[in-house]
Amino acid sequence: MTDANLFQLGIGLETGAQEEDSARGLCAANTNAVAQDIFDEQRDDHFIRRDGAVFAGTHLIIEVVNGHGLDEEDRIQQAFRDSVDVCGATLLHIHTHKFSPQGVSGVAVLAESHISVHTWPEIGYGAFDVFMCGDADPWKAVEVLKAAFGTQDVRVKELLRGDGVVSEAGVAA
């Protein structure tokens, strides 16, 4: 594999996180700092606190059924942008890939996590994931996807990522 290929995969890219990790107390040698940071109720942690539960984020598994335009990269990218806007999220990057003879896969990387898709336009089906933390509201993406792909048949399952795990770690509700 060439260096260019490694760069495309994201291998060897500088993240700037080496020194900061230990300064934040995220290394094993500094466990007291971790406890102080995580348990500080003033900490802006972007965890979600709802109905007495504390969790990392809301992950929606969204199935678009009988959809139209699921083979169009531009339409999918616009649906990502519209979802980001209406949900109150922050877009970092969009990458899509058009398959031959049909289908599109893509991801919108967000400060709050991601939106992803894989489509089977020949049967009008799109499998979307919308995962967001903090104040972003992924449920608002459902109406965007209905409108973008011209269908009322959109099926949703909600996962509360980190539910129980975050509380076990001692994050206050």
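The following dialogue examines a predicted model and the reasons behind the terms used to describe it.

Student: What is the order of the strands in the open sheet of six strands?

Tutor: The order is β4-β5-β6-β7-β3-β8, and the pairing is antiparallel. Neighbouring strands of this sheet are turned against each other by 10° on average, direction ignored.

Student: Why are β4 and β8 said to stand at the edges?

Tutor: β4 (91-98) and β8 (154-161) each have a single partner strand, so one side of each is left without a neighbour in the sheet.

Student: How do you know that β3 and β7 pair?

Tutor: Pairing requires at least two bridges between two strands. Seven bridges join β3 (residues 57-64) to β7 (residues 125-132), so these strands meet the requirement. They run antiparallel, and Glu 63 has Ala 127 in β7 as its bridge partner.

Student: What makes β5 a partner of both β4 and β6?

Tutor: The same cut-off of at least two bridges applies.

Student: Which strands does helix α4 lie across?

Tutor: Helix α4 (residues 73-87) lies across β4, β5 (104-110), β6 (113-120) and β7, and runs at about 155° to β4. Helix α5 (residues 141-148) also packs on the sheet, where it touches β3, β7 and β8. The direction of α5 makes about 20° with that of β3.

Student: Why is Thr 119 called buried?

Tutor: A residue is buried when its relative accessible area is under 20%. Thr 119 has a value of 2%, and it is therefore buried. Thr 119 belongs to strand β6.

Student: Why is Ser 116 placed in that class, with a relative accessible area of 18%?

Tutor: The value of 18% is under 20%, so Ser 116 is buried. Ser 116 is also found in strand β6. Among the residues that Ser 116 touches are Phe 80, Gly 106 and Phe 128.

Student: What makes the approach of Thr 119 to Leu 70 a polar contact?

Tutor: The pair must consist of N or O atoms within 3.5 Å, one able to donate a hydrogen and the other to accept it. The backbone oxygen of Leu 70 lies 2.8 Å from a polar atom of the side chain of Thr 119, so the distance is within the limit. The backbone nitrogen of Val 104 lies 2.9 Å from a polar atom of that side chain, and this distance is therefore also within the limit.

Student: Which residues touch the most other members of the largest nonpolar core?

Tutor: Of its 26 residues, they are Ile 62, Phe 80, Ile 115, Phe 128, Met 132 and Phe 149. The elements that give two or more residues to this core are β3, α4, β5, β6, β7 and α5. The largest share, five residues, comes from α4.

Student: Why is β5 described as mostly covered?

Tutor: Five of the seven residues of β5 are buried, so the description applies.

Key:
Residues are numbered from 1 along each chain as its sequence is written. This is a predicted model: local features need pLDDT of at least 70, side-chain atom pairs count only at pLDDT 80 or more; totals for chains, interfaces and linings use all residues. Side-chain values use heavy atoms; hydrogens and water are left out. Helices (H or I, at least four residues) and strands (E, at least two) are DSSP runs, numbered from the N terminus. Axes are lines fitted to C-alpha atoms, for helices over the stretch in contact, and angles run from 0 to 180 degrees between N-to-C directions. Contact means heavy atoms within 4.5 Å. Buried means under 20% relative accessible area, exposed over 50%, partly exposed in between (1.4 Å probe, protein chains only). A nonpolar core is a set of buried Ala, Val, Leu, Ile, Met, Phe, Trp, Tyr and Cys residues joined through side-chain atoms within 4.5 Å. Lists of a residue's contacts leave out its neighbours within four places in sequence.
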